[in-house]
Amino acid sequence: MKVKAFQRQHSHRNTFRDCVCTRVCACVCLCLCLHLLFCVFSHIVRNSSRDSSTDTSGSLGCFGWCLYLTSMFFVLATFPVSIFKCVTIVQEYERAVLFRLGRILDKKPKGPGLFFVNPCTDKFTKVDLRTVSYDIPPQEILTKDSVTVSVDGVVYYRVHCPMLSVTNVKDPHHATKLLAQTTLRNILGTKKLAELLSDREGISHDMQGSLDEATHQWGIKVERVEIKDVKLPHQLQRAMAAEAEASREARAKVIAAEGEMNASRALKEAGLVLAESPGALQLRYLQTLNSIAAEKNSTIIFPLPIDVMAHFMNRK
C-alpha cells in the first residue's frame with residue numbers, strides 16, 4: 001500500500017511538472033508569434049506610409065516575407081534550441097547594424113541591450129563606438145625648402161555613424177589609418193622647416209580638418225591630431241647648432257658693447273658731478289681707501305696728489 005501511494009504521488013508530481021513545462025513553452029511560443037505579428041504589422045504600416053519618391057530599399061517583397069515566415073516557423077518548431085541563436089546582447093559601447101535578406105532592416109542601429117535576430121534570414125555587424133588611438137609611423141617628408149625630415153604623430157578618432165561605417169567602406173579603421181599617413185605627408189610637404197618646428201598646433205588643426213572632412217562619409221569622427229616628433233638629419237642638426245651658437249655670440253657682443261656705452265656715459269656724468277665739488281672727490285677717495293682696507297689688508301697705498309705732478313710739469 002505504501003508503495004502504491006508513493007507511486008501515485010510521484011506520478012502526480014510528474015504530471016504537474018509536465019503541465020508547467022507545457023504552459024511555459026506555450027507562453028514562449030505565444031510571445032514569439034506576437035513578435036512576428038508585430039514585425040509584419042510594423043513593416044506593412046511603414047511601407048504603406050511611404051511616398052512613391054522615397055527609397056524602398058528596406059522592403060522585403062512578397063518572396064522575402066515568405067522566406068521570413070518560413071524561417072520563423074522553423075524557429076518555433078525548434079524553440080528550446082533556437083532561442084539561444086535568436087537573442088543577441090550588445091554592449092553599452094557597441095551598436096549592431098542588422099541586415100535582413102541583404103537589406104538594412106532599420107535606419108537606426110540596434111543596441112545597447114537585447115534584440116531579436118532570425119538566424120536564417122538576419123545577419124548583423126557589431127560596431128565599436130569607443131575612441132581609437134593610432135600611432136602614425138615615421139614618414140620621410142621633403143619640406144617646401146627642400147629639407148628631408150622624419151615626422152610621426154598620433155590620431156584619435158571614433159565611429160559616430162555605424163550605418164555609414166558598415167555600408168560605405170569595407171574597413172573604416174584601415175582606411176582612416178592610410179588616409180592619416182597620406183594627409184601627414186601632403187600637409188607637411190607644403191610647410192617650411194621653420195614653420196614645421198614652430199607651428200605644430202596649426203599643422204595639427206589643418207590635419208584634423210582635412211581628415212574629418214574626408215572621413216565624414218565613412219561615419220568616422222576625427223577628434224584630435226598631434227605631431228609627436230620631428231627628426232632632423234645629423235648634418236642639419238650640427239649646422240643649426242653652429243648657427244644658433246654664432247647668433248648667441250653676436251647677441252652677447254652687442255649686449256656687452258651696449259653695457260660699455262652706458263657705463264661710459266655714467267662715468268662721464270659722475271666726473272662732471274665730482275669736478276663741480278672738490279669735497280666730494282675727497283670723500284670718494286676716502287671711501288675707496290676704506291673698501292681696499294676691508295678687502296685686502298696687505299695692500300699699502302701711497303696717495304700722491306695730482307696737483308704736485310702738475311706743479312713739476314708746469315716748471316718744465
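**Backbone features, a cavity and a helix pair**

Pro112 sits in the loop between strand E3 (103–104) and strand E4 (113–116). The model is predicted. In this model, a cis peptide bond joins Gly111 and Pro112. Its omega is about -5 degrees. Most peptide bonds are trans.

A further backbone feature is found at Leu101. This residue lies in the loop between E2 and E3. The phi of Leu101 is near 55 degrees. That value is positive, and Leu101 is a residue other than glycine. Most residues other than glycine have a negative phi.

Rolling a probe the size of a water molecule over the atoms shows where empty space is left. The count comes to one cavity of 30 Å³ or more. The largest cavity has a volume of about 30 Å³. Its lining is formed by Ala96, Val97, Leu98, Ile104, Leu105, Asp106, Lys108, Pro109 and Lys110. Strand E2 (residues 94–100) gives the largest share of this lining, with three residues. By class, the lining holds six nonpolar residues and three charged ones. No polar residues take part in the lining.

The packing of two helices was then described. Helix H5 spans residues 172–188, and helix H7 spans residues 200–215. The two pack at an angle of about 135 degrees. Their axes are 10 Å apart. The crossing of H5 and H7 is right-handed.

Both helices supply residues to the contact. From H5 come Thr176, Leu179, Ala180, Thr183, Leu184, Ile187 and Leu188. These meet Ile203, Asp206, Met207, Ser210, Leu211, Ala214 and Thr215 in H7. Sorted by class, the contact of H5 with H7 has nine nonpolar residues, four polar residues and one charged residue.

Technical notes. Residues numbered from 1 in each chain as written. Predicted model: local features only at pLDDT ≥ 70, side-chain atom pairs only at ≥ 80, totals over all residues. Heavy atoms only, no water. 1 Å grid on protein atoms, 1.4 Å probe; cavity = no way out; pocket = protein on both sides within 12 Å on 5 of 7 lines; lining within 4 Å. Points joined across faces, edges and corners; volume = space filled by probe spheres on them. Helix = DSSP H or I, 4+ residues; strand = E, 2+ residues; numbered from the N terminus. Nonpolar A, V, L, I, M, F, W, Y, C, P; charged D, E, K, R; others polar. Axes fitted to C-alpha atoms, helices over the stretch in contact; angles between N-to-C directions. Left-handed = near helix turned anticlockwise from the far one by under 90°. Contact = heavy atoms within 4.5 Å.
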